[in-house]
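Trainee: I'd like a close look at one single part of this protein, please. Then show me how that part sits in the whole picture.

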Amino acid sequence: MFCLQSMKAGDNTITKEGDIIIINTTELGKDIEGYNGPTPMKVYIKKNKVEKIEFLKSMESPKYYAQVKKALIDKWNGLKVKEARSKQVDAVTGATYSSEAVIQNVQLALDYYQNNK
């Protein structure tokens, strides 16, 4: 059974699917921009550990964003939120703005989770 519910009334930033909490940075990180604009993410957290990172639609160049996805998609997986929040992740050479925006969005999502769980 699929159940999606908001943790707070009228708030789509933090939702829950079963025992997984999802932080969506579409609104939360709307001012964090890559090379061509915002780079929204979803961060999935289960039992206080990062399950996965999902890249949402953006205006980034597909070629460069593919490099960012490949390099960063698994960097936080399996880490406890506290460890993931303090993890130092390097930007991808040649896609610096986009990768820095992704890193900032993930950090923002983890901070939001920590403060609103």
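Trainee: In which loop is the place of Asn48?

Mentor: Asn48 is in the loop between E4 and E5. Before we zoom in, a word on the ground rules: this is a predicted model, where local features need pLDDT of at least 70 and side-chain atom pairs count only at pLDDT 80 or more, while totals for chains, interfaces and linings use all residues. Residues are numbered from 1 along each chain as its sequence is written, and side-chain values use heavy atoms, with hydrogens and water left out.

Now back to your loop. Asn48 has a positive phi of about 65 degrees although it is not a glycine. Asn48 is partly exposed, at a relative accessible area of 28% (buried is under 20%, exposed is over 50%, partly exposed is in between, with a 1.4 Å probe and protein chains only). Lys47 is in the loop between E4 and E5 too, and Lys47 also has a positive phi, of about 50 degrees, without being a glycine. With a relative accessible area of 71%, Lys47 counts as exposed.

What does this loop belong to? The protein has five strands and four helices (DSSP runs numbered from the N terminus: H or I of at least four residues for helices, E of at least two for strands). Along the sequence, the pattern runs β-β-β-α-β-β-α-α-α. The protein has a radius of gyration of 14 Å, close to the 13 Å of the globule rule for 117 residues, so the protein is as compact as a globular protein of that length (the radius is taken over C-alpha atoms, and the rule is 2.2 Å times the number of residues to the power 0.38). Its C-alpha atoms fill a box of roughly 40 × 25 × 25 Å along the principal axes.

Strand E4 (41-46) and strand E5 (49-55) are among the elements that give two or more residues to the largest nonpolar core, a set of 25 residues (buried Ala, Val, Leu, Ile, Met, Phe, Trp, Tyr and Cys joined through side-chain atoms within 4.5 Å). Helix H4 gives the most to this core, with seven residues. Ile23, Ile53, Leu72, Trp76, Val102 and Leu110 touch the most other members. Take Ile23: leaving out residues up to four places away in sequence, Ile23 touches Met41, Lys42, Val43 and Ile45, among others (contact means heavy atoms within 4.5 Å).

Ala84 lies in helix H3 and is buried, with a relative accessible area of 0%. Beyond its neighbours within four places in sequence, Ala84 is in contact with Val50, Trp76, Leu79, Gln107 and Leu110. Another buried residue is Asn105, at a relative accessible area of 0%. Asn105 is in helix H4, and its contacts outside four places in sequence are Thr25, Gly29, Ile32, Thr39 and Met41.

Over the protein as a whole, 39% of the 117 residues count as buried. Of the contacts with a separation of 6 or more, 51% involve residues 24 or more positions apart.
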